[in-house]
Amino acid sequence: LRKNVEDFTGPRERSDLGFVTFDITADILNRKSGLQTFWNKNTLMLFFIFDWNVKQLFLYLSAEYSTKNNALNQVVLWDKIMLRGDNPRLSLKDMKSKYFFFDDGNGLKGNRNITLTLSWNVVPNAGILPLVTGSGHVSVPFPDTYETTKSY
């Protein structure tokens, strides 16, 4: 779903505002197999080792796309902190973006290559803070027309 709305944070021009609904299924396992991610029917599956030095995970879903004005646009749509001891199974259905998906122009309209990727930071008890990008991703096309209903 995409709308063309006035962006009050900058020049008084209309910009695209995207609405994304997604499913995420994650299973945090204590296995020696390491880190694996893959997409299964538009659902991202995540397997990770929660070892002795992992305090928490900072998970976030981002959208990447290109427009005429910018070769690379990156927008964080959703995030979650998963603490040690939390339920290791995460099953989210029909989730909406936690943050606005604004483009700085009209780059979402008809864009056929918006790539969603789940990434995470491992927050250790001690040591460096590694940034890990999932190996799985999905590309979604946006429609050629604007939504005019007031469903949001």
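This short talk covers aromatic pairs and one leucine in a predicted model.

Some ground rules. Residues are numbered from 1 along each chain as its sequence is written, and side-chain values use heavy atoms, with hydrogens and water left out. Because the model is predicted, local features need pLDDT of at least 70 and side-chain atom pairs count only at pLDDT 80 or more, while totals for chains, interfaces and linings use all residues.

Aromatic pairs, then. Rings of Phe, Tyr and Trp (its six-membered ring) pair if their centres lie within 6.5 Å; planes under 30 degrees apart are stacked, over 60 edge-to-face, and the rest tilted. Searching the whole structure gives 5 aromatic pairs. One of them is Phe58 with Tyr60, a tilted pair at 5.8 Å centre to centre and 35° between the planes.

Phe58 is partly exposed at 28%, and Tyr60 is buried at 15%.

Next, Tyr65 and Phe101 make an edge-to-face pair, 5.9 Å centre to centre with 65° between the planes. This pair links distant parts of the chain: Tyr65 sits in strand β6 (residues 54-65) and Phe101 in strand β9 (residues 101-102), 36 residues apart. Strands here are DSSP runs of E, at least two residues, numbered from the N terminus. Tyr65 is buried at 4% relative accessibility, and Phe101 is buried at 0%. Ring pairs join Tyr65, Phe101 and Phe142 into a cluster.

Last, Leu116. Leu116 is in strand β10 (residues 114-124) and is buried at 6% relative accessibility. Its C-alpha atom is 10.0 Å from that of Val20, 96 residues apart along the chain.

Definitions and conventions:
Buried means under 20% relative accessible area, exposed over 50%, partly exposed in between (1.4 Å probe, protein chains only). Helices (H or I, at least four residues) and strands (E, at least two) are DSSP runs, numbered from the N terminus.
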